[in-house]
Amino acid sequence: MTKENEKYLINGEKGKWEVVIGLEVHAQVTSNSKLFSGSSTKFGAEPNTQVSLVDSAFPGMLPVINEYCIQQAVKTGLGLNAKINTYSVFDRKNYFYADLPQGYQISQYKNPIVGEGKITLDLPGGTKTIGIERLHLEQDAGKSIHDLDPSNTYVDLNRSGVALMEIVSKPDLRSPDEVNAYVKKLRSIMKYLGTCDGNMQEGSLRADVNVSVRKEGDKELGTRCEIKNVNSIKFMEMAIAYEAQRQVELLESGKSIDQETRLFDIKKNETRSMRSKEDAHDYRYFPDPDLLPLNLDKELIENLKKNLPELPDQKKERFIKDYSLSAYEANILVSEKEISEYFEEVVKNSDIKLAKNWIIGDLFASLNDKNISISQSPVTTKKMSQLIDSISSGVISGRTAKEVFEVMKETGEEPNKIIESKGLQQKSDPKELEGIIDKILADNKDKVDQYKSGKDKLFGFFVGQVMKVSGGKANPQLVNQILKKKLK
Amino acid sequence: MSDITKKSLSEIVNLIKKKEIKSQEVTASFIDNIKKDKKLNSFITNCNEQALEKAKTFDKNPKLDTLLPGVPIAVKDLFCTEGVKTTAGSKMLENFIPNYESTITKNLWNEGAFLLGKLNCDEYAMGSSNETSYFGNVMNPIAENTVPGGSSGGSASALASDLTPTTIGTDTGGSIRQPASFTGTVGLKPTYGLCSRWGIVAFASSLDQAGPMTKTVEDCALMLEAMAGFDKKDSTSINKKKENYSKNLTDNIKGLKIGIPKEYRVDGMPKEIDQLWENGKKILKESGAEIIDISLPNTKYALPTYYIVAPAEASSNLARYDGVKYGFRSSKGNNLIEMYENTRSEGFGDEVKRRILIGTYVLSSGYYDAYYIKAQKVRQLIKNDFDQSFKKVDAILTPSTPSVAFKIDEKKDDPISMYLNDIFTVPVNLAGIPAISIPAGTDNNNYPLGLQLIGKALDEQKLLNIAFAAEKKINFKQNLNRWWEK
């Protein structure tokens with residue numbers, strides 16, 4: 001594949017078009033309480049049971065910043081190699097909606113807590129650096145539920161006031177695949193840091209996707225459309241593909257792109273206009289007078305920096321060095337914190353080469369089949385180690401191990417027990433094997449003679465006969481050794 | 001005992017502490033006065049029975065080592081009071097009963113006081129005459145059909161007419177000091193952040209400050225002591241040690257320097273105000289202070305700055321009154337937007353709507369820089385003026401208001417003329433510094449007039465001391481014919 005072919009371009013009737021994408025990811029801060037109140041942030045509670053007077057905007061209530069959320073944002077900034085702003089300001093973003101009790105969202109506008117940073121992506125064609133524009137903290141709104149009643153809307157304020165980090169990328173992404181890699185890497189970094197659980201089903205991570213197109217080679221950016229609130233990577237990819245195609249068709253037919261906000265309709269796989277630039281809200285941002293500007297202590301930043309956990313990029317380097325992994329293997333094994341931990345646990349006592357192959361191969365295949373995460377797998381690190389150890393100690397062959405794993409991935413049974421109950425141990429007793437071999441050689445005198453007169457290929461026949469007689473359990477290495485000796 | 005309700009708060013506290021009078025007698029006397037009032041309209045909610053019950057409980061086991069033992073206090077209806085209706089003078093909150101208590105009122109109750117009632121005020125504290133209240137005009141006890149000032153008009157009226165021994169108000173641009181001046185009482189706007197804003201219905205967050213309204217400077221010191229204190233629930237609260245303002249109160253102000261800003265001599269100001277100002281200077285000089293002419297050059301920009309900053313914040317603060325969660329909701333409208341429009345059109349009065357519109361306008365994109373940002377810059381200049389002056393002087397003496405109390409309806413339809421009433425008080429809020437208004441005398445019609453003393457941030461003790469010294473020499477006597485009882 002040439003470099004040129006790797007480029008994601010849209011072939012229009014009048015030429016090739018490049019897609020330019022920027023992401024605004026909203027990541028829920030991992031924190032027990034909300035950004036400005038002590039209410040719980042636990043997911044899945046009964047509606048309106050995690051709502052304080054502050055969250056529901058009662059008269060005279062005042063926000064008080066949750067310092068833990070500030071630290072989480074700083075940690076995330078450090079993980080993104082970003083500039084931490086020691087001075088930042090909370091602003092009010094004013095608009096009316098039933099699930100926005102204050103009538104404004106407390107956010108950060110001109111002075112965010114984190115400035116420019118970067119993320120390195122490992123793509124099939126090599127690495128690519130994506131710029132981070134900024135990261136700021138803001139409150140989430142509540143949830144309007146329109147489909148419970150034909151004429152009423154219900155409002156659940158459990159999410160109201162939950163801390164979000166909005167992470168804005170530069171328009172450096174060029175394809176749905178890159179967006180996929182970017183979101184996964186960003187999520188991975190935050191999970192390593194413990195600053196966001198990255199759970200997209202529960203809405204902990206969602207994104208506004210900015211898409212524009214331009215003729216291949218053009219330097220100027222095209223007019224962009226913002227696709228709001230997309231909550232899965234797959235939908236992001238679908239929305240981008242659709243939206244880019246739509247824009248190309250419009251431009252090629254001589255029309256122009258209106259800067260607007262669009263929604264992605266999952267069922268129809270299309271984006272459609274939500275509001276135009278003219279109808280855009282005037283949010284009337286201004287500094288929240290209830291909160292003083294945030295002045296971060298340099299010492300706090302230094303402390304957080306010192307205690308930062310090992311992040312995917314560093315871990316990758318270490319894996320390559322310590323375990324002699326290829327860059328490709330290391331990438332896969334550090335892609336998620338849980339996977340890297342699984343791997344390191346298994347290789348503590350077991351063979352590295354077998355471990356990486358089994359994890360990247362059979363284990364991942366089983367996770368994919370069942371659509372579960374590594375922490376949900378019935379094959380625990382202990383059981384995986386046991387399986388690998390039985391292979392390296394010669395108790396079972398690699399082929400038999402596959403049979404054992406088939407049972408393990410379904411039942412979670414211990415490999416040793418499976419091997420024992422099914423009698424899968426290899427026959428590794430030389431005397432026993434010699435007996436079998438002697439009988440086969442005696443029964444096939446003609447073939448022995450042919451072999452001895454130069455028909456080397458018959459060696460495989462003898463091995464096959466031994467395996468047949470032993471029910472496939474004969475230790476192949478031993479069989480080879482003995483056969484060679486006897487056929488001399 | 002001679003009429004207890006005419007006594008100062010400090011006198012009442014002393015009598016209760018010496019067990020010469022019971023809380024129940026004190027409370028019953030004030031309730032008598034409240035019941036006799038037919039015209040002032042200073043109360044929105046009476047808590048007569050509840051207060052008598054509290055007094056009874058107090059008398060059973062009097063805890064006397066507090067600042068306000070067994071004292072009934074009516075408060076401005078902007079302070080949220082647990083289980084008692086809190087309206088902010090608005091139809092929007094006509095039936096709103098908080099299940100929480102504001103920090104300031106809680107502080108008072110912790111010092112032995114209890115709630116006597118909720119006092120009328122301009123709607124959401126927006127007004128200078130108490131004419132914007134949904135619950136009707138309040139009258140000034142000095143004369144019928146005269147405004148008590150605003151927005152803490154109910155507080156000033158109730159205090160001056162002996163319906164409560166002391167009270168608390170809030171001051172965003174003069175809402176404590178102007179009504180104090182109009183009613184011949186003492187009112188203090190503390191340093192921004194000295195008194196917690198938690199549980200006070202917000203008007204303009206960067207300017208709002210609760211403060212005491214009292215009959216004497218000594219009472220004022222006592223009340224401030226009870227109210228002030230750090231509150232971690234208010235991020236703008238100042239974390240500092242509590243002070244004993246009442247214990248440290250002294251009239252020895254020898255050697256203090258008092259600044260007289262030339263910019264406070266405005267065109268059309270009545271001669272009497274000028275005379276009282278001159279008299280104030282004379283008195284402070286006699287008390288050993290030195291009088292120094294100073295300049296606060298940006299004073300003339302204070303009012304326009306205030307009328308950008310305050311409405312901007314208010315437009316956002318009042319967005320929560322949308323009919324969704326609590327308070328008034330219009331029954332008209334077929335969708336969310338119409339429900340909002342009708343609720344807010346019917347629920348808010350004209351002055352509130354005017355300020356929401358101004359505030360929304362000055363924050364709009366395209367106008368933000370020209371208005372809001374510029375106003376913030378000017379605000380800093382005004383603050384700098386004061387900072388410069390306080391390098392030279394300990395306090396600044398000015399009139400509290402450019403006129404005496406006016407007639408009801410006199411300025412109602414002329415917002416600019418109404419706003420001009422706050423010309424001497426708003427610079428203090430913009431600078432976040434403390435100021436006190438004390439009665440300085442009367443005009444020819446016997447209408448009271450106040451003098452304002454402005455101090456640097458957290459210099460309340462010095463302000464109270466100067467006010468205490470001045471009060472002694474001025475010896476102002478309230479002389480009311482209690483027309484409202486007839």
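## Strands S10 and S11 of chain B

Strand S10 (residues 435-442) and strand S11 (residues 448-455) of chain B run antiparallel and are joined by seven bridges. The model is a predicted one. Within this pair, Ile438(B) stands opposite Leu451(B) of S11(B). S10(B) and S11(B) make a hairpin with five residues between them. In the turn, Asn446(B) has a positive phi of about 75 degrees.

S10(B) is also joined to strand S5 (residues 186-189) of chain B, by three bridges and in the antiparallel sense. One bridge partner pair here is Lys189(B) with Ala435(B) of S10(B). Six of the eight residues of S10(B) are buried, so the strand is largely enclosed by the rest of the structure.

## Three-stranded sheet of chain B

Chain B has an open sheet of three strands in the order S1-S3-S2, with mixed pairing. Strand S1 (43-46) and strand S2 (72-76) of chain B are at the edges with a single partner strand each, so one side of each has no neighbour in the sheet. From one strand to the next, the twist averages 35 degrees.

S1(B) pairs with strand S3 (residues 114-119) of chain B over three bridges, in the antiparallel sense. Thr45(B) has Lys118(B) of S3(B) as its bridge partner. Helix H3 (residues 48-60) of chain B lies across S1, S2 and S3 of chain B, and runs at about 160 degrees to S3(B).

## Three-stranded sheet of chain A

An open sheet of three strands in chain A has the order S5-S4-S15 and antiparallel pairing. Strand S5 (104-107) and strand S15 (286-287) of chain A are its edge strands, each pairing on one side only. Strand S4 (residues 91-94) of chain A is joined to S5(A) by four bridges, and these strands run antiparallel. Tyr104(A) in S5(A) is the bridge partner of Asn94(A).

## Nonpolar cores

The largest nonpolar core has 196 residues, of which Val209(A), Met227(B), Ile436(B), Leu453(B) and Ala467(B) touch the most other members. Leaving aside neighbours within four places in sequence, Val209(A) is in contact with Ile21(A), Leu23(A), Ile227(A), Val230(A), Met236(A), Ala239(A) and Ile240(A). Another core, of 29 residues, lies apart from the largest one; among its members are Leu325(A), Tyr342(A), Val379(A) and Met384(A).

## Contact between the chains

Chain A gives 24 residues to the contact and chain B gives 32 residues. On the side of chain A that touches chain B, 15 residues are nonpolar, five are polar and four are charged.

How values were computed
Residues numbered from 1 in each chain as written. Chains lettered and ligands numbered in written order. Predicted model: local features only at pLDDT ≥ 70, side-chain atom pairs only at ≥ 80, totals over all residues. Pairing = 2+ DSSP bridges. Helix = DSSP H or I, 4+ residues; strand = E, 2+ residues; numbered from the N terminus. Axes fitted to C-alpha atoms, helices over the stretch in contact; angles between N-to-C directions. Contact = placed C-beta atoms within 7 Å. Core = buried A, V, L, I, M, F, W, Y, C linked by C-beta atoms within 7 Å. Buried ≥ 20, exposed ≤ 12 C-beta atoms within 10 Å, placed from the backbone. Nonpolar A, V, L, I, M, F, W, Y, C, P; charged D, E, K, R; others polar.
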